[in-house]
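Please have the sequence and the model at hand while reading.

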Amino acid sequence: MNYLSVENISKSFGERVLFNDISFGINKDQKVAFIAKNGTGKTSLLNIITGIAEADSGQIVMRKGIHMAFLSQKENLDENLTVEETIFASDNPLLEIISNYETALLKPDDAEAYQKAFEKMDAHNAWDFETQYTQILFKLKLEDLHQKVGNLSGGQKKRLGLATVLINRPDLLILDEPTNHLDLEMIEWLEEYFKKENITLFMVTHDRYFLERVCNEIVELENGQLYNYRGSYSYYLDKKEARVQAEQSSVEKAKNLYKKELDWMRRQPKARTTKSKSRIDDFYDIKEKAHKRRNEHEVQLEINMERVGSKILELHNISKSFQDKVLLDKFEYVFKKGERIGIIGKNGTGKSTFLNMITGRLKPDAGKVIVGETIKFGYYTQSGINPKPGQKVIDIIKEYGEYIPLKKGKLISAAQLLERFLFDRKRQYDFVEKLSGGELKRLYLCTVLIQNPNFLILDEPTNDLDIVTLNVLESFLLDFPGCLLVVSHDRYFMDKIVDHLFIFRGDGVIEDFPGNYSDFRTYEDSSEPETKATEKKEKQSWRQDDTTQKLTHNEQKEYKRLEKDIQRLEEKKEKIEAEFVSGELSQEQIQEKSMKLQKIIKDSEEKTERWFELAAIMEA
């Protein structure tokens, strides 16, 4: 069953053509990935499909009655609502069914209305809705349902946007880089969710393992042409390689034919017969094929970076906390020449803080960071670059360096580096404000590399980069002779680039693992006992839990929430009491902790009192 058809659409911005006359369809149960270079119109295409933007020509045809949802890279959330209110403010048709059922409960005399509402709840399996959305929010680390959206971090807002579209269970889900701002655990959960759910997907993503495990079709836009591959990412790679080889063979044949036809053209008299005119037209077609070039670069650089001394980077008992949150606790490590270390861990476990301490942007609370005299850091952060108005691409990079020295006295210029990272000569003289988000990240990466560091630190370098650029970056890093420290949630990238891992477990625990990410996952899975009991949250619904039938839906939610809140407050209380017993607190800290403890006890008493009130209603 066809859900949506893209028919002969085109889009340009001035003289720049993004795509022209492209067509494809999305059918029920397909999980389609759209692949293209940064700046060639991926986001523009998604905006046209979802009605946010208009095509210059062509049309989007959607099957009548199809419910579509779109997760863009720019969240559009009401900052005055709480997390839970945001879920209930969405256009989920289940919410109206639940609301009608709750209204019917308040009018027990109207048996017919109650029966209709009850049957609708049954037909749409609405009884488990609360369990479903709390599970999704829990997996995406959004457990505080009462937190205001305005107080969420950028990453939390992105995850709330993702949670909202998943909970609404649309027929067709359009996703723009869904794995950005998710940690590895969340990405693997999302993979499993999409694999088991009967949901139709159309997505842009650079996560190649995600593509391999979720998608069953790849649509690629390359040089204005659309190519379809009905299979996984590995199938796409095989078939694309065969296509490229066939194209190259065709180009070689065209070059040979072009030489022969060029000789003929030169021998021809000025007067042309009809037959020779036809051959002349064919000649120009052959010429075009013969001069066809693929804009792909294999980066193989023997970089002649600054000499690395015997002392590189030493971390001696470094510790760092923010208020009560411990990020590092007496961590020690001595870096060796040529080490390639990946850093993984859940969001908020201190990965970026660790990098900022190494580079001197943050001071440790205790311990020492000793940097060797010959070490020159290149630090790619998540903040990016802030270009001045009117600056061109080439101007930006030349502010940081003119060239990278190679071995045997050779150089690679700023322009050549940009070309290797897919900025052709014409694009290098474009104004920076014309670049897409992914192209800006690519330019920022070039500004870091042109400085010729011998210790490269990359904090989430793969976010917003297309797959083509990732392949170029990986080739560059495989040639890089210095030390490399990478924070990334891109598992494919980590497997290819790093030799061992720092695992940030949280609460200041950091483990050194000898292997790449896939090695780590294999080790983790094999170390779990087969008989390990998995914690399963018992499903609760308005129909199944007879003891709560006397409470309204909102009171039922409040009752369950109070149980969690009371338990959380009890844990905080025990933690503070343990700190008092330790005898390590100063007089000032004792006073501060005492005030905190009083507030916790007061909150706990109020919530416990309300819990007893609701429990009494249930038992009445």
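## Overview

Across the whole structure, a search finds 34 salt bridges, a salt bridge being a side-chain nitrogen of Lys or Arg within 4 Å of a carboxyl oxygen of Asp or Glu. The model is predicted, so local features need pLDDT of at least 70 and side-chain atom pairs count only at pLDDT 80 or more, while totals for chains, interfaces and linings use all residues. Residues are numbered from 1 along each chain as its sequence is written, and side-chain values use heavy atoms, with hydrogens and water left out.

## A pair within one helix

Glu 112 and Lys 116 form a salt bridge with an N to O distance of 3.8 Å. The two residues are four apart in helix H4 (residues 111-123), which places about one helical turn between them; helices here are DSSP runs of H or I with at least four residues, numbered from the N terminus. Glu 112 is exposed at 57% relative accessible area, and Lys 116 is likewise exposed at 55%, where buried means under 20%, exposed over 50% and partly exposed in between (1.4 Å probe, protein chains only).

## A pair between two helices

Lys 607 meets Asp 565 in a salt bridge whose closest N and O atoms are 3.4 Å apart. Because Lys 607 lies in helix H20 (residues 587-619) and Asp 565 in helix H19 (residues 553-582), the pair ties together parts that are 42 residues apart in sequence. Lys 607 is partly exposed at 27%, whereas Asp 565 is buried at 11%.
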